[in-house]
Amino acid sequence: MSQTNKTTATTPRNSKDITHWDIETDIAIIGFGGAGASAAIESADAGSKVSIFELASASGGSTALSSAEIYMGGNGGTPVQQACGYHDDTENMVNYLKACFGNQADEAKIRHYCENSIGHYNWLTGLGVPFKLSELKERAIMALTDDCLLFTGNEKAYPFTEHASPVPRGHNLQVEGDNGGPLLMKILTEAVNSRAVDVHYDSRALTLIVNDAGDVDGIVVRIDQQEKNVRARKGVILCAGGFCMNEDMVKKYAPTFDCGLIPIGNPGDTGSGILMGMGAGAGTSNMHECFVSLPYYPPASLTYGILVNDKAQRFINEDCYHGRVGYNALIAQRNSSRIYFITDVEGYGDYEKMSYLGATVAGTGDSIAELEQELTLPEGSLQYTVDTYNKHAETGDDPYFHKHEAWLRPIKPPYVALDCTLGRGPFYPFFTLGGLDTLPSGEVLTPEGNIIKGLYAAGRTTAGIPRTAAGYASGMSVGDVTYFGRMAGKTASL
Ligand SMILES: Cc1cc2nc3c(=O)[nH]c(=O)nc-3n(C[C@H](O)[C@H](O)[C@H](O)COP(=O)(O)OP(=O)(O)OC[C@H]3O[C@@H](n4cnc5c(N)ncnc54)[C@H](O)[C@@H]3O)c2cc1C
């Protein structure tokens with residue numbers, strides 16, 4: 001069908017202008033990443049005729065690029081948690097997630113997710129997703145062994161310990177190396193392919209088709225340079241990922257993160273799903289927030305060090321998750337021209353062997369005074385901070401920032417400072433955490449809170465469980481996209 005006007009995401013096509021439906025289906029799913037695959041499996045299992053439209057030539061999206069740690073627990077514990085000796089209470093998990101996201105938390109989604117987390121674990125294993133009944137005890141960003149369970153967030157760090165008992169909930173797939181994402185997407189793709197689902201690759205969704213009542217009737221998709229009108233009798237599910245690759249959207253909606261961070265994700269993370277939803281009248285939520293990280297561990301031994309600003313003041317308990325530290329380091333740089341990681345030579349030796357951080361050495365010294373001078377910090381400032389820290393660390397105490405005593409030991413000479421200033425070497429990755437406003441069912445809401453009939457969304461096209469890097473834990477995104485993808489698929493099939 002030829003069109004005279006350029007089709008844009010935010011300008012939906014009106015159903016009454018459609019003279020011919022090129023493709024007819026029950027449910028049209030946009031995007032074949034984690035959310036789209038999960039939605040397709042549930043929709044097909046509920047008896048719907050399902051069509052997926054994916055702009056790339058294969059499934060995967062950012063889910064396939066990820067480590068695919070999956071955050072699960074509650075209900076007494078997953079089989080892995082139980083086998084590793086952990087009891088996980090649902091209320092404890094709810095309380096933890098509420099503490100993670102504070103006023104930004106979507107309590108309805110959190111509760112839905114936590115109460116059904118074991119069911120989600122069983123759904124994944126039922127499809128063949130392998131989890132070994134083992135734990136990785138070291139502090140790590142991801143498991144490079146095939147071990148499963150690890151602490152992937154701030155569970156053991158202040159102030160979260162004040163709200164919930166620490167339990168590990170990160171579930172790593174049973175695969176060596178950082179290969180969880182490819183394996184998860186391989187299994188989900190096989191599950192989709194074994195069902196009656198039409199998959200259209202190299203097919204870019206352009207805009208929704210909406211009737212005069214505001215209901216969504218279908219979607220316009222470009223296939224082989226042709227715009228096709230797709231009729232979706234039961235609904236369209238937008239699972240097109242986030243918008244970290246869309247500089248204009250990041251500037252407009254999440255300006256805090258428009259500062260030279262490195263976007264991580266797939267090239268399709270352009271926010272097209274969010275824009276299409278907005279064009280059809282959807283509201284958005286949490287658009288100003290992103291995941292950001294300062295991945296300073298491994299080596300875990302760097303956790304014994306301290307982070308300081310350009311006045312040599314600490315600003316965070318360094319035993320937090322790397323996302324919380326990254327977020328706080330970013331905010332600290334509003335008023336600080338430099339961020340340094342101060343460690344001893346032992347910590348630096350480990351850092352040289354294994355690190356994702358990429359920070360260069362800013363200075364060294366046999367004494368703190370010497371290091372302070374080399375870093376051009378105010379005279380006496382670093383000496384005061386390190387003296388105070390060391391004095392308390394000696395007795396297993398950190399009265400100002402509450403770093404856990406397991407990570408407290410005096411920093412001894414010779415000293416090394418790593419330059420953790422944004423733009424001076426260290427890796428600060430980010431991806432977006434805002435999107436369409438949805439119910440736990442996947443139904444998309446208008447800004448007034450009304451349901452848009454025929455429109456569903458899941459994954460990073462929506463604002464889901466994870467709301468800020470300050471409370472993020474690895475596994476909260478893949479957990480959220482697969483779980484709420486399923487919910488959207490189920491609801492659309494009703
Ligand atoms: C390196 C890395 C590691 C990570 N590790 C973890 C982790 O261990 N645990 C965790 O929880 N999270 C992790 N994350 C985050 C997590 O992977 C993502 O947030 C999540 O997988 C997004 O899933 P999704 O289904 O929403 O989007 P995606 O998986 O990105 O799928 C979206 C799909 O939509 C397609 N698409 C986009 N626009 C269109 C369009 N207009 N028409 C048709 N198709 C379209 C894209 O091509 C893509 O295939 C990581 C992310 C990265 C980058």
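A polar contact here is a pair of N or O atoms within 3.5 Å. Keep that in mind as we look around this predicted model, one close-up at a time.

**View 1. Ser-43 sits in helix H1.** Start with the contact that the opening definition prepares you for: a polar atom of the Ser-43 side chain lies 2.7 Å from the backbone oxygen of Ala-39. Ser-43 is buried, with a relative accessible area of 0%. Beyond residues up to four places away in sequence, Ser-43 touches Ile-27, Ile-29, Ser-48, Val-50, Ile-237, Gly-489 and Ser-493.

**View 2. The ligand is surrounded by 38 residues.** Look for Glu-54, Ser-62, Thr-63, Ser-477 and Val-478, which are the closest. Four elements each supply at least two residues of this shell: helix H1 (34-45), helix H2 (61-65), strand S8 (203-210) and helix H14 (476-493). Sorted by class, the shell holds 16 nonpolar, 18 polar and four charged residues.

View 3. On its own the ligand has 1,000 Å² of accessible area, and the protein covers 93% of that.

**View 4. Ala-9 lies in the segment before strand S1 (13-14).** Is Ala-9 buried or exposed? Its relative accessible area is 19% and buried means under 20%, so Ala-9 counts as buried. Leaving aside neighbours within four places in sequence, you will find Ala-9 in contact with Leu-206, Thr-207, Ser-272, Leu-275, Met-276 and Gly-279. Asp-217 is 208 residues from Ala-9 in sequence, and the two C-alpha atoms are 15 Å apart in space.

**View 5. Helix H6 spans residues 117-127.** Its buried residues are Ser-117, Ile-118, His-120, Tyr-121, Trp-123 and Leu-124. After H6 comes Gly-128, where phi is positive, near 110 degrees.

**View 6. An annotated domain covers residues 26-465.** The name comes from an unreviewed UniProt entry, which labels this span "FAD-dependent oxidoreductase 2 FAD-binding". Follow the chain between the two ends of residues 26-465 and you will find 28% helix and 20% strand. The end C-alpha atoms of the span lie 28 Å apart.

Note on methods
Residues numbered from 1 in each chain as written. Predicted model: local features only at pLDDT ≥ 70, side-chain atom pairs only at ≥ 80, totals over all residues. Heavy atoms only, no water. Near = heavy atom within 4 Å. Areas by Shrake-Rupley, 256 points an atom, 1.4 Å probe, with all protein chains shown as cover. Nonpolar A, V, L, I, M, F, W, Y, C, P; charged D, E, K, R; others polar. Buried < 20%, exposed > 50% of the residue type's maximum accessible area, 1.4 Å probe, protein only. Contact = heavy atoms within 4.5 Å. UniProt positions renumbered as here; feature names shortened; annotations may be inferred. Polar contact = N/O pair within 3.5 Å; in protein donor to acceptor, adjacent residues only side chain to side chain.
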